[in-house]
Amino acid sequence: MAVDTPGPDTPTPLATEIATGIATHGPMRFDAYMDVVLYHPTGGFYAAGGRAGARAGDFLTSPEVGPLFGAVLAAAVDQWWDAAGQPSAFTVAEVGAGPGTLAAAVRLAAPRCAGVLQWLMVERTAAQRAGHVDRLGAATGLPGHGEHPHRTPTRTRTGASASAGPSDGGGSSWCRSPTLPDDVPIDVVVANELLDNLAVRVLERTSTGWAEVWVDVSDGAHGLVLVETLVDLR
Ligand SMILES: C[S@@+](CC[C@H](N)C(=O)[O-])C[C@H]1O[C@@H](n2cnc3c(N)ncnc32)[C@H](O)[C@@H]1O
């Protein structure tokens with residue numbers, strides 16, 4: 001099976017780079033291949049494609065459809081804050097935050113806990129993290145762990161601008177990070193459409209036992225093509 005080619009005659013630069021690497025160093029395990037095609041800093045899907053989270057793109061996630069998903073999550077965040085005894089600081093880490101659409105919808109929904117809410121968008125792709133600044137003015141890291149976050153007056157449930165306060169919807173802070181920090185207290189971790197974006201190993205049961213999918217190259221009509229190959233695990 002040929003993979004990662006936009007057409008039979010025109011492999012992408014990344015496909016060519018991968019194929020050359022495999023020809024030089026040998027086959028790649030599928031998870032390594034999946035990681036590079038999604039997250040290569042220039043040629044990967046999220047960095048170069050620009051076709052995620054758009055109606056004319058490759059797929060559309062629930063937060064991208066409209067603000068309702070974020071409003072529902074905002075209500076859930078208030079419930080978790082209530083259940084925690086309405087602490088004076090409440091930190092939500094959103095892992096795999098994409099360009100910040102869900103966070104923006106949560107802010108728009110003005111949860112009751114907004115005055116004490118710190119929302120940390122954890123996103124490994126730099127091109128996606130840029131959206132956190134554009135949409136939310138997000139700073140890097142949490143207070144005391146990097147820059148100070150951008151604390152925004154958000155609208156109240158009646159739509160008026162408000163100062164910070166746990167019941168008036170104002171003063172939430174919006175931050176971003178490429179990784180989930182392990183040295184800051186986080187109250188809730190949320191993620192939407194993350195797990196299917198983690199690089200996976202692929203095993204196949206064959207007539208002789210378990211095998212693993214790797215990616216190799218083969219000679220095609222127009223040069224090297226990427227092909228699946230099975231590695232016997234016995
Ligand atoms: C399908 S998008 C979902 C974006 C957003 N949550 C939504 O529902 O629209 C998956 C996102 O997870 C990010 N991602 C994948 N692995 C990650 C990791 N280990 N840490 C942080 N972000 C990750 C990707 O860069 C991508 O932006």
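Mentor: Two strands pair if DSSP finds at least two bridges between them. Strands here are DSSP runs of E with at least two residues, helices are runs of H or I with at least four, and both are numbered from the N terminus. One caution: this is a predicted model, where local features need pLDDT of at least 70, side-chain atom pairs count only at pLDDT 80 or more, and totals for chains, interfaces and linings use all residues. Residues are numbered from 1 along each chain as its sequence is written.

Trainee: How do you know that E2 and strand E3 pair?

Mentor: E2 and E3 (residues 117-122) have six bridges, in the parallel sense, and the definition asks for at least two, so they pair. Within E3, Val122 is the bridge partner of Val95.

Trainee: And what makes E2 and strand E8 a pair?

Mentor: E2 and E8 (residues 188-190) share three bridges, also in the parallel sense. Ala93 stands opposite Val189 in E8.

Trainee: Why is strand E2 called mostly covered?

Mentor: A residue is buried if 20 or more other C-beta atoms, placed from the backbone, lie within 10 Å of its own; it is exposed if 12 or fewer do, and partly exposed in between. In E2 (residues 90-95), five of its six residues are buried.

Trainee: What puts the buried residues of helix H2 on the same side?

Mentor: In H2 (residues 30-39) the buried ones are Phe30, Tyr33, Val36 and Val37. They cover an arc of only 130 degrees around the axis, so they sit on the same side of H2. That arc is taken from the directions from the helix axis to the C-beta atoms.
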